[in-house]
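Here is a friendly walk through one model, from the whole chain down to single residues. Please keep the viewer open as you read.

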Amino acid sequence: MEDCCSPGSERMEAWLDDHLEFTHSYFIRKASREMVNAWFAERVHTIQPSASKENPLQQRSSTDTGAPSASSSSTILPPSLSLLDNRSPSPATVPSPAPGTPTRKISASEFDRPLRPIVVKDSEGSLTFLSDSDRETVPLRGSVMGEGGVGGGSGNGGGCSEAGSGSDRCARLLELVKDVSSHLDVTALCHKIFLHINELIVADRYSLFLVGEDSSNRKFLVSRLFDVAEGSTLEESSSNCIRLEWNKGIVGHVAATGQPLNIKNAYEDPRFNAEVDLITGYKTQSILCLPIKNHRDEVVGVAQAINKKCGENGAFTEQDEKDFSAYLAFSGIVLHNAQLYETSQLENRRNQVLLDLASLIFEEQQCLEVLLRKIAGTILSFMQAQACTVFIADEDSMNSFSSVFHMEYEELDEVLDTPKRDCDVSQINYMYAQYVKNTMQPLNIADVTKDQRFPWTSENPDHTSNQIKSLLCTPIRNGKKDKVIGVCQLVNKMDEALGSVKAFNRNDEQFLEAFAIFCGLGIQNTQMYETVERAMAKQEVTLEVLSYHASAAEEELRELQVTAVATIPSAQSLRLMDFSFSDFDLSDTETTMATIRMFVDLNLVQNFQMKHTSLCQWILSVKKNYRKNVAYHNWRHAFNTSQCMFALLKSGRLQNNLSDLEILALMIATLSHDLDHRGVNNSYIQRSDHPLAQLYCHSTMEHHHFDQCLMILNSPGNQILSGLSLDEYKATLKMIERAILATDLALYMKRRGEFFELAKNSQFVWEDEHHRDLLRSMLMTACDISAITKPWPVQKRIAELVATEFFEQGDKERRELNIEPSDLMNREKRDKIPSMQVSFIDAICTQLYETLAGMSEYCSPLLEGCQKNRQQWKCLAEECEKGLVNGLV
């Protein structure tokens with residue numbers, strides 16, 4: 001390659017200088033990215049974070065600074081703060097974390113400085129990102145040349161030769177100041193200041209500390225240069241970083257007082273600590289330590305020189321102090337500007353973090369579980385907490401949450417197909433969240449074991465201390481910010497450097513409050529989406545139901561009314577009070593008449609002013625809304641369930657123990673508990689992706705039955721509850737809903753243990769509403785499966801109907817879902833029906849009827865019938881095993 005200094009190159013460069021437009025156009029078209037990067041590299045210092053290493057200079061942290069505290073003076077800063085201190089003007093790319101660790105591009109501790117608040121309260125008290133405060137104007141400072149006394153004076157100059165004239169020294173000082181005036185990178189600027197100071201006063205070692213503040217406005221000192229010598233490079237000078245306490249040692253004293261110190265013999269100053277000198281073998285003699293001030297005369301840093309290289313007794317002269325002070329007066333302003341630029345860059349990165357969070361949240365608008373996982377994962381990673389819990393407020397209750405999402409820090413690197421939404425939360429976690437929800441104010445507790453504001457903290461201190469040390473909790477508001485829709489709670493902020501738990505600070509509060517604003521918008525939008533989706537699914541189901549069902553025909557209604565007015569058979573003639581009752585000999589009209597008789601004999605018509613016409617139309621509408629093509633779960637099953645409830649109330653002597661509203665709710669629930677049953681169970685509905693499955697997460701068909709019940713009760717002409725007061729109406733509907741849901745055997749299995757224990761230990765209290773609710777649920781199940789208690793011929797006939805329905809579902813599963821049905825649904829396994837009936841009686845029925853018989857001996861016919869049928873099924877099962885019969889035949 002031709003030498004760049006050859007005559008030909010010089011002529012070419014001169015020609016390019018004379019034709020600037022062509023030169024500019026040429027490089028715009030031809031320059032590569034590598035050329036542009038090389039151009040920047042020659043003009044910008046890029047400082048990469050260096051790994052912490054053991055260094056003798058690190059051990060000299062106390063030689064010239066006095067005795068800093070053991071907790072902070074000799075420790076290396078956490079990685080996040082080191083990254084901040086070594087940052088170039090443009091945001092540096094943080095190396096990717098090691099495999100298997102949570103991805104964290106940035107940490108909240110990186111912003112633990114007195115930046116402008118992320119969110120502020122407006123005139124109405126609502127949180128906003130916009131601030132109305134005026135920007136601070138920077139006043140011009142007066143001349144500092146006279147203050148520093150650079151222009152005259154006697155004594156030795158900055159070097160080891162005789163001092164030059166005052167004008168020469170002033171000119172040189174202006175050149176040095178001009179050299180640093182354009183630097184905006186704080187680390188590079190500090191190194192340049194070091195070079196200039198060395199030229200002015202020629203010492204053996206130098207250190208430069210900057211004043212730092214955390215978000216709580218606690219001041220400290222952080223070294224940008226520490227114990228560096230002449231010839232040190234920028235990378236070497238900035239590789240060591242220590243933190244000193246305010247007003248401790250020589251450096252801390254100068255920072256706190258703003259006054260310089262010129263110490264001729266360090267060992268004679270009580271603020272000096274000689275311990276490290278003994279360790280390193282270095283001899284500290286003289287120290288010159290001066291404050292660096294900004295335009296407001298505030299200390300922004302401290303510069304220190306150790307051991308003057310020449311002069312009398314190696315001490316710093318008065319002229320050294322004046323030159324040092326004059327240079328630092330200008331440097332302080334330049335340094336302040338560089339810090340302002342660094343702060344603006346940091347605020348820009350902080351805003352980018354919030355924008356990234358907003359982008360992440362608004363990517364997911366369809367599933368609340370996925371959204372909550374993203375929120376919790378992002379907050380955990382950024383805030384460095386051990387656990388994050390998001391509570392979603394219950395719109396129907398002031399003192400509860402509808403769902404809770406919990407994530408541990410260890411879960412960040414896990415990939416879960418199904419996010420965990422609901423979890424068991426201890427009472428103390430729930431109570432703090434409830435407190436924040438009620439007050440609508442954030443809560444920050446440094447140590448919950450020492451906080452006496454909450455009574456539950458002292459009730460179980462051992463349990464609390466084992467789980468929670470520090471806690472930060474903030475409300476999540478809706479878009480209008482007038483309602484709390486959730487609470488975000490963080491526990492145990494982790495100190496990565498020390499491996500311990502520390503308190504959340506004001507910086508953490510600010511970030512979590514900002515996060516909560518975006519989270520509130522995301523959660524509200526997702527909830528609205530889910531609501532719309534459920535509404536559309538519900539509309540589809542409703543249209544399907546309405547297309548199939550028609551309202552009760554007027555002719556049928558008139559016929560029933562005329563018959564009912566003429567004569568309603570008595571309960572005795574219809575055998576309605578017998579536990580052995582069978583409907584096989586009754587016509588459909590007789591079943592409706594029997595239903596009217598049950599309502600009349602229970603005094604429901606009289607007590608609640610039911611209109612005769614409304615009662616007749618409601619019964620016919622309920623009957624109409626049972627599908628005739630379903631073998632078992634049809635109107636006849638509903639009627640038999642209602643008759644069993646009637647028998648329990650009358651013959652079982654339970655009527656006097658229940659209120660009229662409870663009896664009304666139970667009778668309506670028994671007649672309505674399988675409305676619009678499709679002949680398939682909840683499992684099939686879920687696996688076939690039926691629209692009903694989108695409406696409810698559990699007890700799918702039972703919820704649908706209740707919705708149908710509600711629709712009929714609210715239809716014109718069917719309003720049999722119109723005589724109730726508003727409170728009675730609400731209470732009745734709530735009992736109906738819980739009673740219908742109780743017919744889901746999955747819920748029965750969850751709740752029956754508590755009921756059995758109460759009855760076994762004679763702890764059932766009739767005045768306890770929870771106990772009564774348990775009893776109503778158990779009565780619903782007892783009536784729903786009461787076919788198992790009927791006389792054997794009736795029981796066997798009903799079992800055939802049930803088997804027919806189950807086998808039809810099994811055929812659908814093979815045909816539509818391409819799966820092999822369970823034995824219960826498999827017509828090829830009909831020989832197992834007797835043994836499955838025995839198992840059903842043992843697992844579901846016997847203990848329930850034993851418990852009811854224990855509460856009222858008049859209910860014992862149910863238990864006796866169940867036991868007799870078990871014997872019959874047992875014999876039949878044994879015959880099936882021998883091959884004598886095949887199933888029910």
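## Overall make-up

This is a predicted model. The chain has 889 residues, of which 49% count as buried. Its secondary structure comes to 33 helices and 14 strands. Among the contacts with a separation of 6 or more, 70% are between residues 24 or more positions apart.

The average pLDDT of the chain is 78, and 75% of the residues score at least 70. Confidence is highest in helix α23 (residues 635-650), with a mean of 98. At the other end of the scale, helix α5 (residues 79-85) has the lowest confidence, with a mean of 32.

Where pLDDT is low, the predicted coordinates should not be read in detail.

β13 pairs with several strands. Strand β9 (residues 385-393) runs antiparallel to β13 and is joined to it by seven bridges; here Phe391 stands opposite Val487. Strand β12 (residues 471-477) is also antiparallel to β13, again over seven bridges, and Arg477 has Val484 as its bridge partner. β12 and β13 make a hairpin with six residues between them, and Lys481 in the turn has a positive phi of about 65°. Strand β14 (residues 500-502) is antiparallel to β13 too, with three bridges, and Lys502 in β14 stands opposite Lys493.

## Nonpolar cores

In soluble globular proteins, nonpolar side chains tend to be buried together. Here the largest nonpolar core has 93 residues, and Phe599, Trp618, Ile668 and Ile736 have the most contacts inside it. Ile736 makes a handy entry point: leaving aside neighbours within four places in sequence, Ile736 is in contact with Ala665, Ile668, Ala669, Phe706, Cys709 and Leu713. Another core, of 34 residues, lies apart from the largest one; its members include Val353, Leu357, Ile375 and Phe518.

## Rings and charges

The whole structure holds 15 aromatic pairs. Ring pairs link Phe581, Tyr626, Trp635 and Phe639 into a cluster.

Two charged side chains are also worth a look. The charged end of Arg797 sits over the ring of Phe584, 3.8 Å from the ring centre. The charged end of Lys283 sits over the ring of Tyr267, at 4.0 Å from its centre.

Phe579 lies in the loop between α19 (571-574) and α20 (588-601). The relative accessibility of Phe579 is 11%, so this residue counts as buried, the cut-off being under 20%. Phe579 and Ser651 are 72 residues apart along the chain, yet their C-alpha atoms are separated by 8.3 Å.

Ser856 is another loop residue, placed between α32 (833-855) and α33 (860-882). With 8% relative accessibility, Ser856 counts as buried. Not counting residues up to four places away in sequence, Ser856 touches Gly652, Arg653 and Leu654.

The last stop is His196, which sits in helix α8 (residues 186-201). His196 has a relative accessibility of 4% and counts as buried. His196 and Phe324 are 128 residues apart in sequence, with 9.6 Å between their C-alpha atoms.

Key: Residues numbered from 1 in each chain as written. Predicted model: local features only at pLDDT ≥ 70, side-chain atom pairs only at ≥ 80, totals over all residues. Heavy atoms only, no water. Pairing = 2+ DSSP bridges. Helix = DSSP H or I, 4+ residues; strand = E, 2+ residues; numbered from the N terminus. pLDDT = per-residue confidence, 0-100. Core = buried A, V, L, I, M, F, W, Y, C linked by side-chain atoms within 4.5 Å. Buried < 20%, exposed > 50% of the residue type's maximum accessible area, 1.4 Å probe, protein only. Contact = heavy atoms within 4.5 Å. Phe/Tyr/Trp six-rings, centres within 6.5 Å; stacked < 30°, edge-to-face > 60°. Lys NZ or Arg CZ within 6 Å of the ring centre and 35° of its normal.
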